[in-house]
Amino acid sequence: MTEKPTLDAILIPPPELEDSWNEIPEIVKIGDPVLRKVAAPVRKCTKETLELIQKMIKAMRKARGLGLAAPQVGVSQRIFIYQVNPKSDLNILINPTVTNHHGEQLEPAEGCLSMPGLQGTVPRAQEVRLKGYDERGRPISKRASGLEARIIQHEFDHLNGILFTDRADPETLVWLLDDDETLEAV
Ligand SMILES: [Zn+2]
């Protein structure tokens, strides 16, 4: 059995970024096989599930990210969280589905907390429908567009072992070495 070669192996951060890669060790980085697994559905929301969600919220806020999927904290379960901006609602999605993709958007450039400092242009649908359950088992169904739709598609990909680098135009992938450059990472 030979594994399909992926870009992951060549996505090694420049030495200047080593510190920022180690800054938040609870977020797993590219190269960890958990990021390439198809995550398992959550059968029952237990105390452990709620603890996992709290851990994800803490890690996302510490990293000042816009979203985080459970595989990014090393747990291969179908859960993601996101918050478009500090004033908007925190969304918790368990066993989500994303359908009804409409339109296309190319901006803003995307980044990922599992590859801090890397960004690239990723074509995404402009609008999607998101369904799933919250942490209390209540159904969620909403339409999202723009940045929110982009975050949802990025996080949903994480649950299927897909990283933004798989969908990015390879020519646009760039390491941001300058501290002044800000990057919205999910
Ligand atoms: Zn990501």
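Let's start with a pair of strands. Strand E3, residues 91–102, and strand E5, residues 127–133, pair in the antiparallel sense over five bridges. Pairing here requires at least two DSSP bridges between the strands. The elements themselves are DSSP runs numbered from the N terminus: helices are H or I with at least four residues, strands are E with at least two.

Some housekeeping. Residues are numbered from 1 along each chain as its sequence is written. This is a predicted model, where local features need pLDDT of at least 70, side-chain atom pairs count only at pLDDT 80 or more, and totals for chains, interfaces and linings use all residues.

His102 has Glu127 of E5 as its bridge partner. Val98 has Leu130 of E5.

Now the next strand over. E5 and E6 run antiparallel, joined by seven bridges. Gly132 stands opposite Ile140 in E6. The two strands make a hairpin, with five residues between them. In that turn, Gly137 has a positive phi of about 85°.

Zoom out to the sheet. It is open, has five strands, and its order is E1-E2-E3-E5-E6, with antiparallel pairing. Which strands stand at the edges? They are E1 (67–69) and E6 (139–145); each has a single partner strand, so one side of each is left without a neighbour in the sheet. Neighbouring strands are turned by 35° against each other on average, direction ignored. For angles, axes are lines fitted to C-alpha atoms, for helices over the stretch in contact, and values run from 0 to 180 degrees between N-to-C directions.

E5 has two faces. Val128, Leu130 and Gly132 are on the covered one. Glu127, Arg129, Lys131 and Tyr133 are on the uncovered one.

Next, helix H2, residues 47–62. H2 lies across E1, strand E2 (79–82) and E3, running at about 40° to E2. H2 has 16 residues and reaches 23 Å from its first C-alpha to its last, close to the 22 Å expected at 1.5 Å a residue. That expected span is 1.5 Å times one less than the number of residues.

Which residues of H2 are buried? Leu52, Ile53, Met56 and Met60. Buried means 20 or more other C-beta atoms within 10 Å of the residue's own; exposed means 12 or fewer; partly exposed is in between; C-beta atoms are placed from the backbone. Seen down the axis of H2, the buried residues fall within an arc of 100°, so they line one face of the helix. The arc is taken over directions from the helix axis to the C-beta atoms. What covers them includes E1, E2 and E3. On the other side of H2, Lys47, Glu48, Glu51 and Gln54 are exposed. After H2 comes Arg64, with a positive phi near 50°.

Helix H3, residues 146–159, looks like this. H3 has 14 residues and reaches 21 Å from first C-alpha to last, close to the 20 Å expected at 1.5 Å a residue. How is H3 placed in the structure? Twelve of its 14 residues are buried, so H3 is largely enclosed by the rest of the structure. Among the buried ones are Ile151, Ile152, Phe156 and Leu159, but also Glu148, Arg150 and Asp157. The buried residues of H3 pack against E1, E2, E3, E5, E6 and H4. Contact means that two C-beta atoms, placed from the backbone, lie within 7 Å. Just after H3, Gly161 takes a positive phi of about 75°.

On to the core. A nonpolar core is a set of buried Ala, Val, Leu, Ile, Met, Phe, Trp, Tyr and Cys residues joined through C-beta atoms within 7 Å. The largest one here has 37 residues. Met56, Leu68, Ala70, Ile79, Phe80, Ile81 and Ile152 touch the most other members. H2, E1, E2, E3, E5 and H3 each supply at least two residues of this core. The largest share, five residues, comes from H3. Take Ile79: leaving aside residues up to four places away in sequence, Ile79 touches Val42, Leu52, Ile53, Ala70, Leu93 and Ile94.

Last, two loop residues. Arg36 lies in the loop between helix H1 (18–22) and H2. Arg36 has 17 C-beta neighbours inside 10 Å, so it counts as partly exposed. The C-alpha atoms of Arg36 and Pro71 are separated by 8.8 Å, at 35 residues apart along the chain. Pro170 lies in the loop between helix H4 (164–167) and strand E7 (174–175). Buried or exposed? With 9 C-beta neighbours inside 10 Å, Pro170 counts as exposed.
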